[in-house]
Amino acid sequence: MQATETCRDRGMPTTSTLPISAFIISKNEMDMIGPCIESLNACKEIIIVDSGSTDGTIERIREYKDKGYPIRLLQREWPGYAAQKQFALDQCSEIWCLNLDCDERLDPLLQQELATLTSRSQNCAAWRLGFSLFLYGYGYTPDRVRFGTAIRLMRRDRTRYGLGELVHEGVEVDGEIGTVNKGKILHARVVSLGEQILKENHYSTLKAEQLFKLGKRPRLLRLIFNPIIYFQRLYIFRRFFLCGWAGFIYAWTGAIYSFMTEAKLYQLHARMRRDPSQS
């Protein structure tokens, strides 16, 4: 599948019920999932695939369903990020599908903009949506911070998740990809440094395993310089310096993720050299 960036974002008024299937994967997100569901209230259906919540998430979802939200709840064992999201996408009945994580929600401007995105170009197969991150001790990043975009609104018949990716799952798109310039996805989770380091440790393990399976070899120069480059990209080029101490800390946690990924890739190869049967 090939993708080209030629779609253009133009404004149009919103409508009531949108021909969009929203889909969410969840586990133990009782405190987060409510506002996420509320921000999707204009979608025609909301597919939620839970992988064994024990904290009251299921009960919270059912409360929203009882209130009239168009929720379809499914429960399924965890097969990995990409496989679970692909399963959720496959359950959607509308052509246009919107993916959110439990700790994300659409801001009001993006909620209004969704109506314009599904009613325009037939050539556009997916849309990249922008993000605003909540930084501990600061709040949401301002518009001048370039947190990045990701494909979150997609045509069900022209997109698939890359099932070979263990983390930061990508979307394969058959067609043109547009970028939305109005509104943001708000990443609302308040994460302390200790919690963030645990997440980076987990994600770097998955990323190193993914690179190892692809046959990537460790390089000393990457181990030394990649974390520095990662920090500079976040702090300077993506403008996290505008967020003071909170932006500085966030950029360094990204550098730590980069370092741990390269270091773990080295250790995987070192273990294989000692015992080739573990490869």
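1. A residue is called buried under 20% relative accessible area, exposed over 50%, and partly exposed in between (1.4 Å probe, protein chains only). With a relative accessible area of 35%, N28 is therefore partly exposed. You will find N28 in the loop between β2 (18-26) and α1 (30-38); helices (H or I, at least four residues) and strands (E, at least two) are DSSP runs, numbered from the N terminus.

2. Before you go on, note that this is a predicted model, where local features need pLDDT of at least 70 and side-chain atom pairs count only at pLDDT 80 or more, while totals for chains, interfaces and linings use all residues. Residues are numbered from 1 along each chain as its sequence is written, and side-chain values use heavy atoms, leaving out hydrogens and water.

3. Now for the backbone. Most residues other than glycine have a negative phi. N28, although not a glycine, has a positive phi of about 50 degrees. R239 is not a glycine either, and has a positive phi of about 70 degrees. R239 lies in the loop between α6 and α7, and its relative accessible area of 25% makes R239 partly exposed.

4. Is N99 buried or exposed? N99 is buried, because its relative accessible area is 1%. This residue belongs to strand β5 (residues 96-99). Its side chain makes a polar contact with the side chain of K85 at 3.0 Å (a pair of N or O atoms within 3.5 Å; within protein, one must be able to donate a hydrogen and the other to accept it, and residues adjacent in sequence count only if both atoms are side-chain atoms).
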